[in-house]
Amino acid sequence: MIRIEGLEFSYSEVFDTCLAGVNGNDELKECLSNNKEDLDIAVAEYIDRGHQGTLSSIAPLTSDMGINPILLNGITKKNLISLYSYYFVKKSKPNARRIYDKIMSLANDKCPFCGGIGKPENLDHYLAKKYFPQFSILPQNLIPSCRDCNMGGKGQTLAATAAEQVIHPFLDHEKFFNEQWIFAEYQPSDVDNDQGVISYYVNPPEYWCDIDKSRVELHFLAFNLAEVYSLQAAENLNIIFKQIEGVRKFCTNDEKIIASLLQGPLGEIKEPNHWRKGFFQALINYLSRVD
């Protein structure tokens, strides 16, 4: 939904910073160090497949592997999750925590999954560390997310195919962020003093492949954007209609009203799939049809 840019930390830098914070556990430190090369290979594969939109092809851990399976060169799932939980997130590890906080700040207080409606509260693992512990501290796998998107949206869901992947804010193709695929329609009410509703829907560009079309439809459903966006629009409908009524006392030309109250704000919206984009487009389309 919203592209996150400006990531300046490599996996190697994050790994070395976390490793330096491992004190009093020489066995873990040695085990992690011995696996650095293999982890680098896994990370390179993640980034490559992320750019291709095929992260779903990376095999997750399964229950038949046991509670704490051994991965790579003797390293375990628990070792890799501990690297995140105890040596990256903890404020008692300030050098690593500085990286965590910097990644959080890249979102500019806008959750990228829901188009900035929610405020990020923590870093969400795009590929859940429960199933992909090898990416527990990979910066590109750590997405600043609001609570609703982290818990109620993507959650711990596993994508079995490319079409089942939500949009990746760091790695996905530019078209998901630069082209409009969320639109809206204003539906007036037959009830007096009822302002009606703005309904949102997905309509990706025709030239997109079927997989990409399915992905944006899934993203829209997974994060409940139809309801979330409509609620945002409802809070603003009454305000905009009062403004229109006020202007009509002096001007009855709807074309001028549209130009002054709707087209100006619409032109200022940079994000093509922001709820306000569809909001103004829907009202312009409606008023243009009204006699």
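Predicted model: local features only at pLDDT ≥ 70, side-chain atom pairs only at ≥ 80, totals over all residues.
Which residues have the most contacts inside the largest nonpolar core? They are Phe-88, Ile-198, Tyr-200 and Phe-279, and the core they sit in has 85 residues.

**The overall picture**

Let's start with the whole chain. The protein has 11 helices and six strands. Taken along the principal axes, its C-alpha atoms fill a box of roughly 80 × 40 × 30 Å. Of the 291 residues, 48% are buried. If you look at contacts between residues at least 6 apart in sequence, 68% of them join residues at least 24 apart.

**Around Ile-198**

Ile-198 is a handy place to begin browsing, being one of the residues with the most contacts inside the largest core. Leaving out residues up to four places away in sequence, Ile-198 touches Ala-184, Glu-185 and Tyr-186, then Ser-230, Ala-233 and Leu-237, and finally Phe-279, Ala-282 and Leu-283. Phe-279 is another of the residues with the most contacts in that core.

Ala-233 and Leu-237 of α9 take part in the contact with α11, as do Phe-279 and Leu-283 on the α11 side.

| Helix pair | Angle between axes | Distance between axes |
|---|---|---|
| α1 (residues 11-20) and α3 (residues 36-52) | about 145° | 11 Å |
| α2 (residues 26-34) and α4 (residues 77-87) | about 115° | 11 Å |
| α9 (residues 225-248) and α11 (residues 275-289) | about 45° | 10 Å |

Take α9 and α11 to begin with. They pack at an angle of about 45°, which makes α9 oblique to α11. The crossing is right-handed. On the α9 side the contact uses Tyr-229, Gln-232, Ala-233, Asn-236, Leu-237, Ile-240, Phe-241, Ile-244 and Arg-248, while α11 brings Trp-275, Phe-279, Phe-280, Leu-283 and Leu-287. Sorted by class, that contact has 11 nonpolar, two polar and one charged residues.

Next come α2 and α4. Their axes make an angle of about 115°, so the two helices are roughly perpendicular to each other. This crossing is left-handed. Leu-28, Cys-31 and Leu-32 of α2 meet Asn-79, Leu-80, Leu-83 and Tyr-87 of α4. The class count for this contact is six nonpolar, one polar and no charged residues.

That leaves α1 and α3, where α1 passes α3 in a right-handed crossing. From α1, the residues involved are Tyr-11, Ser-12, Phe-15 and Asp-16; from α3, they are Lys-36, Leu-39, Asp-40 and Val-43. This contact divides into four nonpolar, one polar and three charged residues.

Asn-108 counts as exposed because its relative accessibility is 58%, and the cut-off for exposed is over 50%.

Asn-224 also has a positive phi, of about 55°, although it is not a glycine. You'll find Asn-224 in the loop between α8 (210-222) and α9. With a relative accessible area of 37%, Asn-224 is partly exposed, since that class lies between 20% and 50%.

Is Met-151 buried or exposed? Met-151 sits in helix α6 (residues 147-154), and a relative accessible area of 58% makes it exposed.

How many residues apart in sequence are Lys-78 and Leu-231? The answer is 153, and their C-alpha atoms are 41 Å apart in space.

Terms used. Residues numbered from 1 in each chain as written. Heavy atoms only, no water. Core = buried A, V, L, I, M, F, W, Y, C linked by side-chain atoms within 4.5 Å. Buried < 20%, exposed > 50% of the residue type's maximum accessible area, 1.4 Å probe, protein only. Contact = heavy atoms within 4.5 Å. Axes fitted to C-alpha atoms, helices over the stretch in contact; angles between N-to-C directions. Helix = DSSP H or I, 4+ residues; strand = E, 2+ residues; numbered from the N terminus. Left-handed = near helix turned anticlockwise from the far one by under 90°. Nonpolar A, V, L, I, M, F, W, Y, C, P; charged D, E, K, R; others polar. Parallel < 35°, antiparallel > 145°, perpendicular 65-115°, else oblique.
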